[in-house]
Amino acid sequence: MSCWETIADYAFRSLGFGERLLPRSEFTLCQQVTLIGSGMLWNIYFGLIALVSGFFLATAVALGKAAQSRWLRKPSEWFIFVVRGSPLFIQFFFAYFAFLSLKGTSPLFDPFTSAWLGAAVVLFLNTAAYSGEIFYGALQSIPKGDVEAADAYGFTGWMKFRKITWPTMLRLAWPAYTNEAIFLFHATTLVFFSGFPARQQRGDALYYASYFADKTFNPFVPYPILAGYFILVTLCIIAVMGAINRRLNRHLPSNVRTRLRMRPGAMLAR
Amino acid sequence: MYSFCTDPATLDMLPWLACYLTTGKHLAFYGAFGTVLLLLAITAPLALAFGFVAAAVARGPAPLSWLGRGYIAVVRGVPDIAFFLFFVIALDQMLEWVRHKVKCPDWDAPIRQGSDFVVCDAAKVPLSTSPQWIHETYGFSLAVLTFAIVFGAFAANVLFGAMRAVPRGQIETAEAYGMSSRQTFWRILVPQMWVYALPGLSNLWMVLVKATPLLFLLGVEDIVYWARDLGGTKTPQFTDYPHGDWRMWYFLALLVFYLAFTRVSEIVLARLMTRLTRGQATTGGERQRKVRAA
């Protein structure tokens, strides 16, 4: 079987298209690269969904934590504390079994026990809490002068938030948020190891990598392939986030602009 | 455990629960929390040592420093769980391969035969004749080593940054006093870098705590294993304590355990930071001085 045939058979295997059975013998390099890449589609799906939807909740949570009212502040603080204080792996397990129990009470919760929705919800809440904390930190360090200038110009309410507070917050938070995005993509590999079933062996990249490592008893091929894919994804994230960063900073003189730089120590999550 | 536990089916709710929570399996479950703490107690200093060596190597002369930087960069760029799964098999095979070369030099069959990894019997780790506890300890040690390698890279990253954060003037002063580079490193750089490293190391400690459930993936019978096992639906045929699917509640308990653990760590680390900041030429140290002076 040529490599092109393998790609045609397995490129979308993780989504349920193409060959139904996984390879059982030989395990050529081409098969491993194709299937692990096919699994990568799940990682990208989870990462993108969680990142885009989590962004909005993160903004809300950050504003909540910075709010004067107790009723807004306390729930936001607790949400951030609970999610950031416990392991994502345990959150996945807890959510999966909780959804499983809820499924008994109403068929409405049926789709939540599959990875595509259930795990996406967990990742959405997870990244919202982590980014919420980042955005909150940025909100706290908005220069006083900017806000006073906005007041002097007569900006109030929504306009002040939309034109002054929010863009400044994003600008300050962006380097840390880029790190959060990278670690979110890394975290997506936990999904199929934490209860959520990979129906008909449609799993993510790590699922296939560990499948090959188990079958061939040789970890030195599939895991480096996986690492290669993830480094590629990381580079893409840095490129996209860097472009957004440049746009956020485009009004600043070039010597003041903050370049996207991975700061040691300030990056770990989960 | 208690004397009234002989016939659980007749018991009321509270005594039933008291009996249920003290069954042999539950005691093993509580013991697994000890496993987690043991892992942390061994891994944290080991990872710090790995990190220290890697950071020191990374700021050294060229060919060696690439090795240090490469180690840091690769481990950071790839999901840690992939590393866990990789190292557990890789370390095991490496160990067996080395022992094979030493113990059976006249073995001529290839080691990798298709999908099998074949070494001579004398080179197996642990020996197939060894008792069960050796197998378990070996599995645990592999897990510890894996954690130390992965978190060592993170620690190296933090310490590397901290070494660079020590003010240049301090090093220059040391050199002006005629200290050799070795003396400067041990007497000036290392004592001063900790205050810069602590925020990063605190963060790392939290991440390490939150990574402990991954022990489950490494084949150790840890709290996640027991929570899944004990929480599952039990029918009267197999147990004196039948119940429905309680896994959700078991994992809720684990969630609370980790929340409490990270909260306590946070408080302790904040105290440690206050202690280390005392007398340092940083904004934090300056603030403390002003408070005391006032």
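Figure 1. For "transmembrane region", the unreviewed UniProt entry lists several spans of chain A, including residues 44-66 and 78-102. Take residues 44-66 of chain A: this span is 96% helix and 0% strand, and its end C-alpha atoms lie 32 Å apart. Residues 78-102 of chain A are 92% helix and 0% strand, with 24 Å between the end C-alpha atoms.

**Figure 2. Two loop residues of chain A with a positive phi.** Most residues other than glycine have a negative phi. Gln200(A) is not a glycine, yet its phi is positive, at about 50 degrees. You'll find Gln200(A) in the loop between helix H7 (157-187) and helix H8 (205-216) of chain A. Phe217(A), also not a glycine, has a positive phi of about 55 degrees. Look for Phe217(A) in the loop that links H8 to helix H9 (222-248) of chain A.

**Figure 3. A stretch of chain A to read with care.** Over residues 263-267 of chain A, pLDDT stays under 50. The model gives these residues ten contacts beyond four places in sequence. Where pLDDT is low, the predicted coordinates should not be read in detail. For chain A as a whole, the mean pLDDT is 88, and 94% of the residues reach 70 or more.

**Figure 4. Helices H3 and H5 of chain B crossing.** Helix H3 (residues 62-77) and helix H5 (residues 132-165) of chain B pack at about 115 degrees, their axes 9 Å apart. H3(B) and H5(B) are therefore roughly perpendicular to each other, and the crossing is left-handed. Which residues of H3(B) make the contact? They are Arg69(B), Tyr71(B), Ile72(B), Val75(B) and Arg76(B). On the H5(B) side, the contact residues include Ala148(B), Gly152(B), Phe154(B) and Phe160(B). By class, the residues of this contact between H3(B) and H5(B) are ten nonpolar, two polar and two charged.

**Figure 5. Helices H4 and H5 of chain B crossing.** Helix H4 (residues 80-103) of chain B also packs on H5(B): the axes come within 9 Å and cross at roughly 125 degrees. That makes H4(B) oblique to H5(B), and the crossing is right-handed. From H4(B), the contact involves Asp80(B), Phe83(B) and Leu95(B), among others. From H5(B), Tyr138(B), Thr146(B) and Phe151(B) are among the residues that take part. Sorted by class, the contact of H4(B) with H5(B) has 13 nonpolar, one polar and two charged residues.

Figure 6. Residues 70-91 of chain B are 91% helix and 0% strand, and the end C-alpha atoms are 19 Å apart. Residues 248-269 of chain B are 100% helix and 0% strand, with the end C-alpha atoms 31 Å apart.

Methods:
Residues are numbered from 1 along each chain as its sequence is written. Chains are lettered from A and ligands numbered from 1 in the order in which they are written. This is a predicted model: local features need pLDDT of at least 70, side-chain atom pairs count only at pLDDT 80 or more; totals for chains, interfaces and linings use all residues. Side-chain values use heavy atoms; hydrogens and water are left out. Axes are lines fitted to C-alpha atoms, for helices over the stretch in contact, and angles run from 0 to 180 degrees between N-to-C directions. Helices (H or I, at least four residues) and strands (E, at least two) are DSSP runs, numbered from the N terminus. Angles under 35 degrees count as roughly parallel, over 145 as roughly antiparallel, 65 to 115 as roughly perpendicular and the rest as oblique. A crossing is left-handed if the near helix is turned anticlockwise from the far one by less than a right angle, and right-handed if clockwise. Contact means heavy atoms within 4.5 Å. Ala, Val, Leu, Ile, Met, Phe, Trp, Tyr, Cys and Pro count as nonpolar, Asp, Glu, Lys and Arg as charged, and the others, Gly among them, as polar. pLDDT is the predictor's confidence in each residue, from 0 to 100. UniProt positions are given in the numbering used here, feature names are shortened, and annotations may be inferred rather than shown by experiment.
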